[in-house]
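Hi,

Here is the structure I promised to pass on. Have a look at it first, and then read my notes below.

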Amino acid sequence: MLNLHHVYKSFDGTPVLTDISLQVDDGEIVSILGPSGCGKTTLLNLILGTVTADEGDILYNGEVLTHMPMEKRGFNIVFQDYALFPNLNVWQNITYGLKNRPGVSSAQEVEELIDLLGLRAHLDKSIDQLSGGQKQRTALARTLVMKPRILLLDEPLSALDGVIKESIKERIKAIARDFHLTTIIVTHDPEEALTLSDRVLIIENGKISQYAAPSEIVHHPRNDFVRRFILNQLEIKRSNIYALFGEQPAAAV
């Protein structure tokens with residue numbers, strides 16, 4: 001279980017995150033959602049350990065991580081641009097981290113992960129031969145073979161479209177379910193957050209506007225910002241959201 005208690009962060013005297021308190025349960029998928037500049041990437045980096053909080057505490061299973069360096073936290077991130085090694089093929093990218101930590105995943109576990117992510121036919125390909133969806137799956141596999149305690153995803157679907165995007169969403173859900181892996185996703189896309197997550201954290205100007213299940217946010221937005229941000233952006237996709245949650249959401253104002 002991940003807990004943040006009254007976390008504050010500023011840069012050069014400018015507040016970026018203010019009084020962030022939340023709990024993420026084991027195996028849960030949580031999306032951090034909000035407009036550009038709201039602080040969501042900073043929050044992801046605080047959890048990862050590349051940024052240190054000015055005030056407050058970050059705990060995982062009761063252990064205080066607030067000032068613990070990233071490499072000791074056991075969390076891993078998949079970046080928006082995948083950050084794959086272009087000089088290595090798919091298999092070499094996936095197994096790269098195991099060179100320094102052999103035995104973290106067994107050979108059978110690596111093979112099962114390759115099949116789960118549908119990468120069997122691509123193992124000998126170079127990175128520049130892959131589609132965007134294949135690159136995303138390779139990046140996920142490379143991270144998952146290291147068995148992170150928490151999986152962090154930075155805009156994982158932003159470069160994908162249509163069927164490929166839906167396929168990756170389903171694979172992320174399957175991974176969280178099959179590995180009971182706590183997964184935290186940064187996104188600017190309300191539909192992505194609502195259809196992928198168990199709970200959604202909506203941030204406005206560095207503060208929590210609402211933290212709840214997707215159906216709660218759609219039907220009972222806490223304030224006008226949530227109502228406008230969610231529903232105005234979903235206007236062109238309303239039929240999809242209605243189908244998912246069974247009725248028309250609360251009206252935007």
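**The enclosed strand**

Let's begin with strand β8 (residues 182–187): 6 of its 6 residues are buried, so the strand is largely enclosed by the rest of the structure. Bear in mind as you read on that this is a predicted model.

The cover on β8 comes on both faces. On one side you'll find Thr182, Ile184 and Val186, on the other Thr183, Ile185 and Thr187, and all of them are buried.

Which strands pair with β8? Strand β3 (residues 29–33) does, in the parallel sense and over 5 bridges. Strand β7 (residues 150–154) is also a parallel partner of β8, again with 5 bridges.

**An open sheet with a helix on it**

Next, an antiparallel sheet. It is open and has 4 strands, in the order β2-β1-β4-β5. The edges are taken by β2 (14–24) and β5 (63–64); each has a single partner strand, so one side of each is left without a neighbour in the sheet. Strand β1 (residues 2–11) pairs with β2 over 7 bridges, in the antiparallel sense. To see one spot in that pairing, look at asparagine 3, whose bridge partner in β2 is glutamine 23.

Helix α1 (residues 40–48) packs on this sheet and touches β1, β2 and β4 (55–60). The direction of α1 makes about 120° with that of β1.

**Aromatic pairs**

How many aromatic pairs does the structure hold? There are 3, and I'll describe two of them here.

In one, the ring centres of phenylalanine 85 and tyrosine 96 are 4.5 Å apart and the planes are at 45°. Stacked pairs need planes under 30 degrees apart and edge-to-face pairs over 60, so this pair counts as tilted. The two residues are 11 apart and the pair links distant parts of the chain: phenylalanine 85 is in the loop between β6 (75–78) and α3 (90–94), while tyrosine 96 is in the loop between α3 and α4 (107–116). As for accessibility, phenylalanine 85 is partly exposed at 29%, and tyrosine 96 is partly exposed too, at 35%.

Buried or exposed? Phenylalanine 225 is buried, with a relative accessible area of 14%, and phenylalanine 229 is buried as well, at 8%.

**One more residue**

Last, serine 215, which has its place in helix α8 (residues 214–219). With a relative accessibility of 35%, serine 215 counts as partly exposed. The C-alpha atoms of serine 215 and glutamate 28 are separated by 16 Å, and the two residues are 187 residues apart along the chain.

Cheers

Methods. Residues numbered from 1 in each chain as written. Predicted model: local features only at pLDDT ≥ 70, side-chain atom pairs only at ≥ 80, totals over all residues. Heavy atoms only, no water. Phe/Tyr/Trp six-rings, centres within 6.5 Å; stacked < 30°, edge-to-face > 60°. Buried < 20%, exposed > 50% of the residue type's maximum accessible area, 1.4 Å probe, protein only. Pairing = 2+ DSSP bridges. Contact = heavy atoms within 4.5 Å. Axes fitted to C-alpha atoms, helices over the stretch in contact; angles between N-to-C directions.
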